[in-house]
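Please keep the sequence and the model in view while reading.

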Amino acid sequence: MNSPSSTFKTHQAGFVPRRRTIVDRIADPLFVAVTYGIIVVAIVLIIYPLYFIVIASISDPNLVQQGKVVLFPRGITFDGYLTIFGTSTIVRGFLNSVVYTAVGTVISVSMILFGAYALSRKEMPGRNLFMILFVITMFFDGGMIARYLVVKELGLLDTMWAVVLPGAVGVWNLVIARTFFEQNLAPELHEAAQLDGAGDFRFFFGIALPLSKSLIVLMAMIHIVANWNAFFDAMIYLSDESKYPLQLILRNVLIQSQASAGGMDMASMDSTAAAQKMGELLKYSMIVVSTVPLLIAFPFLQRHFVKGATLGALKS
C-alpha cells in the first residue's frame, strides 16, 4: 500500500504548471497601475482646491476670475492679508475663538463622556428612557426663537456661555461614545474593579478614561472643528463686538468690503472695481486664515480620530 508521502511525490512529479497567458502576466501590473492612478486622482481632487485657495489669496483677482491662475500665483499681492491683520478686531477675534473653542470643547467632551458612560451601564435605572428622550431631540426642535428665549431667560445673552452651552451635547456624539464604552469596557472588568474596592468614580477615572484615549481624541476633534467654525450662535446671542469670534469678524469684514463702494464713491467705477477686487482677495485670504489652525492640528490626531470613529460606530 502506497504511503501518503509517496502518493504526494507521485502527484508532485506529474504536475505540469499551466503556462501563464498574456492576460495573466499583465493582470497584476495593470491592477497596481489602476489602483495608483485612482489614488493619485483622489489626492489631486482633495489637495488642489486647497492649493488653489492659497494661490488665489495672493493673486490678482482679475486674473483669478479670468481663469489665468491655475498652478501658480500671478500678479502677486498680499493686500488681502494686510487688510485682515491690519484690522484691530482680528487679533481679538482670534483670541476669542481660541477661548470659545477651548472652553466649549472641554465642556462638551466632559459632558458626553460622563453621560455616555452612565448610559452604557446596564444597571443604570431608566437608561433606555433617557436615550429615547435624547433621540427625540434629534428629530424635533423648538426652533431658533425658542432657543433664544431660553438663553435670554437664563441670563446668558451677550456672554461666552451663550456660545458654548446651547449646543454643548450632540446626541449623535453621545450615541457613539455610549457604544464605544459598551464595546470596549467588558462587564468583567467592572466586576474585577469592584472586587478590588473601586467605586464607579474610581473605575471611570482610573480605568475607563485611560482605555478611551481614541474616543476622547475623536470627541475633541469634532468639537474643536465645530466650535472653531461656529459663528451663527455668536451672531444671534452676542451684541458686544469685543466678544465676537474670529469667524463672525471675518464674515463682517467680507460684507463690509463688498459694500465699501457705497462709502467711497458710487459714481466712480474705479472705486467700485477696487472694492470688488478687495472683496475677492479677502474671500480667499479669510478662508486660509480660518483654516490653517485646523490643518496644522488635525494630522497629529488623525490616527486616534480614525480609530475612535471606527470603534465607536460598531454595535454587536
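## Basis of the description

The model is predicted: local features need pLDDT of at least 70, side-chain atom pairs count only at pLDDT 80 or more, and totals for chains, interfaces and linings use all residues. Residues are numbered from 1 along each chain as its sequence is written, and side-chain values use heavy atoms, with hydrogens and water left out.

## Overall make-up

The chain contains 15 helices and zero strands. Both kinds of element are DSSP runs numbered from the N terminus: helices are H or I with at least four residues, and strands are E with at least two. Of the 316 residues, 31% are buried. Buried means under 20% relative accessible area, exposed means over 50%, and partly exposed lies in between (1.4 Å probe, protein chains only).

Among contacts with a separation of 6 or more, 71% join residues 24 or more positions apart. A contact means heavy atoms within 4.5 Å.

## Helix α5 and its two partners

Two packed helices are described by the angle between their axes and the distance between the axes. Axes are lines fitted to C-alpha atoms, for helices over the stretch in contact, and angles run from 0 to 180 degrees between N-to-C directions. Helix α5 (residues 88-120) packs against helix α9 (residues 171-184) at about 50 degrees, with the axes 8 Å apart. The pair α5 and α9 is therefore oblique; angles under 35 degrees count as roughly parallel, over 145 as roughly antiparallel, 65 to 115 as roughly perpendicular and the rest as oblique. On the α5 side, the residues in contact include Ile-112, Leu-113 and Tyr-117, and on the α9 side they include Leu-174, Arg-178 and Phe-181. By class, this contact of α5 with α9 has eight nonpolar, three polar and two charged residues. Ala, Val, Leu, Ile, Met, Phe, Trp, Tyr, Cys and Pro count as nonpolar, Asp, Glu, Lys and Arg as charged, and the others, Gly among them, as polar.

The axes of α5 and helix α11 (residues 200-208) come within 12 Å and cross at roughly 115 degrees. Here Leu-113, Phe-114 and Tyr-117 of α5 meet Asp-200, Phe-203, Phe-204, Phe-205 and Ala-208 of α11. The contact of α5 with α11 comprises seven nonpolar residues, no polar residue and one charged residue.

## Nonpolar cores

In soluble globular proteins, nonpolar side chains tend to be buried together. A nonpolar core is a set of buried Ala, Val, Leu, Ile, Met, Phe, Trp, Tyr and Cys residues joined through side-chain atoms within 4.5 Å. The largest such core has 30 residues, and Ile-84, Val-163 and Leu-250 are among those with the most contacts inside it. Its largest share, six residues, comes from α15. A second, separate core of 23 residues includes Ala-198, Phe-203, Leu-209 and Leu-215.

Not counting residues up to four places away in sequence, Leu-250 touches Ile-84, Ile-90, Met-286 and Ser-290.

## Selected residues

Gln-65 is found in helix α3 and is exposed, with a relative accessible area of 55%. Gln-65 and Glu-280 are 215 residues apart in sequence, and their C-alpha atoms are 9.3 Å apart in space.

Lys-122 lies in the loop between α5 and α6 and, at 69% relative accessibility, counts as exposed. Asp-158 is in the loop between α7 and α8; its phi is near 60 degrees, a positive value in a residue other than glycine.
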